[in-house]
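Here is a friendly briefing to read alongside the model. Keep the 3D view open while you go through the topics below.

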Amino acid sequence: MAPAEHGTGRDAVAPAPSQSEAGRARTRDGRELYYQWLPGPAGADRARPTVVFEGGLAAGRSSWAVLADVAPTVVYDRSGLGRSPAAPAGASRRLHALAEDLGDLLDHLERVGPGGPFLLVGHSWGGPLVRLAAAAQPARVAGLVLVDPTDESCELLFQPAMRRAERIGQVVTVALARLGPLGRAYRSLTATLPPDAAADMRAEGYTVAMTRTRGRELEDAAGDLRALLENPPGLAGLPVTVVSAGRVSPGMPKSVRERATASHAYRARQSPHGRHVVLPEADHMVLTTSAEELAEEIRRLAV
């Protein structure tokens, strides 16, 4: 439902202090996904779920840095973002393929640690993505936190105006990345991050390479959402918390905001353990504009 969210660049494995140990997980077709693991607060119960964060459209790991210490956490870069090499030209980057990659990451974490169960937290486009990954193997998932998610129950997502907005947004994002000012447009986001994550975001998050990945992830967003409508992911009664922003954002005026929030309330009602929370001071980038309130919602399920 938002304009651009980001991440793309270096290929080296280098731990970041705010996000601790680094590693690479191999996908079923041989690609590598860069991830970082933080054990959590000192004295944290090792039996608690591992929180795995999934970013929005073209958003890499660094955008989650302000939430990295809420519990044992894992952040990662999808293919073509941050320090994960791009997928081959013919490889799908549509929603089902991204969910399979997340499943491969969870397989890797179960083998080498930290193991499950996993609490999956997905922002924006990451919301339907984590629902698909959870439905594939719900037994290893402790719950879901959907952060201002894109949701197929919002009819606005299927209107021609949305496709036009996607095309225009992609053209503008590519142009700003090529000319250089894309990072300046997101200074308020970068300013909220720890210094190491902010440096990574500036180096990786506003590149032309990122815009290519963004375009691939948008290849058929309407088709991906229609597939969810026709075949809803079964979550086997998992707890689901849906967090809505209370304020408007660029690309989300009041009328859109209201319908998005209504779709979030609907999604929460589909779970027998559903919870819908509106954070009045948050805009679409809830993870930075209301980080502490979001952290509390994550902690509710990470027990």
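Which side chains meet in a salt bridge at 2.4 Å, N to O? They are those of Arg 299 and Glu 296. This is a predicted model, in which local features need pLDDT of at least 70 and side-chain atom pairs count only at pLDDT 80 or more, while totals for chains, interfaces and linings use all residues. Residues are numbered from 1 along each chain as its sequence is written, and side-chain values use heavy atoms, with hydrogens and water left out.

**Overall build**

- The chain has eleven helices and eight strands; these are DSSP runs numbered from the N terminus, with helices being H or I of at least four residues and strands being E of at least two.
- Its radius of gyration is 17 Å, close to the 19 Å that the globule rule gives for 303 residues, so the chain is as compact as a globular protein of that length. The radius is taken over C-alpha atoms, and the rule is 2.2 Å times the number of residues to the power 0.38.
- Along the principal axes, the C-alpha trace spans about 50 × 45 × 40 Å.
- Among contacts with a separation of 6 or more, 72% are between residues 24 or more positions apart (contact means heavy atoms within 4.5 Å).

**Surface and charge**

- Buried residues make up 57% of the 303 in the chain. Buried means under 20% relative accessible area, exposed means over 50%, and partly exposed is in between, using a 1.4 Å probe and protein chains only.
- The chain exposes about 12100 Å², and carbon and sulfur atoms supply 55% of that area. Accessible areas come from the Shrake-Rupley method with a 1.4 Å probe; for residues, only the protein chains shown count as cover.
- There are 35 positive and 34 negative charges, and their mean positions are 4 Å apart. Lys and Arg count as positive and Asp and Glu as negative, without His and the chain ends; each charge is placed at NZ of Lys, CZ of Arg, CG of Asp or CD of Glu.

**Salt bridges**

- The structure holds 28 salt bridges, each defined as a side-chain nitrogen of Lys or Arg within 4 Å of a carboxyl oxygen of Asp or Glu.
- Asp 77 pairs with Arg 61, with the closest N and O atoms 2.7 Å apart. This pair links distant parts of the chain, 16 residues apart: Asp 77 sits in the loop between strand S4 (73–76) and helix H1 (95–112), and Arg 61 in the loop between strand S3 (50–54) and S4. Both Asp 77 and Arg 61 are buried.
- Arg 61 also forms a salt bridge with Asp 200, at 3.0 Å from N to O. Asp 200 lies in helix H6 (residues 195–204) and Arg 61 in the loop between S3 and S4, so this pair ties together parts that are 139 residues apart in sequence. Asp 200 is buried, as is Arg 61.
- A network of salt bridges links Arg 61, Asp 77, Arg 83, Asp 200 and Glu 204.
- Arg 299 and Glu 296 are separated by about one helical turn, because they are three residues apart in helix H11 (residues 291–301). Arg 299 is partly exposed at 27% relative accessibility, and Glu 296 is partly exposed at 40%.

**Backbone details**

- Most residues other than glycine have a negative phi, and most peptide bonds are trans.
- A cis peptide bond joins Gly 113 and Pro 114, with omega about -5 degrees; Pro 114 lies in the loop between H1 and strand S5 (118–123).
- Another cis peptide bond joins Gly 116 and Pro 117, with omega about 5 degrees. Pro 117 is in the loop between H1 and S5.
- Ser 124 is not a glycine, yet it has a positive phi of about 55 degrees. It is found in the loop between S5 and helix H2 (126–136) and counts as buried at 1% relative accessibility.
- Ala 236, a residue other than glycine, has a positive phi near 50 degrees. Ala 236 is in the loop between helix H8 (221–230) and strand S7 (240–245), and is exposed, with a relative accessible area of 67%.

- Asp 101 lies in helix H1 and is buried, with a relative accessible area of 5%.
- Leaving aside neighbours within four places in sequence, Asp 101 is in contact with Thr 27, Arg 31, Leu 33, Ser 79 and Arg 93.
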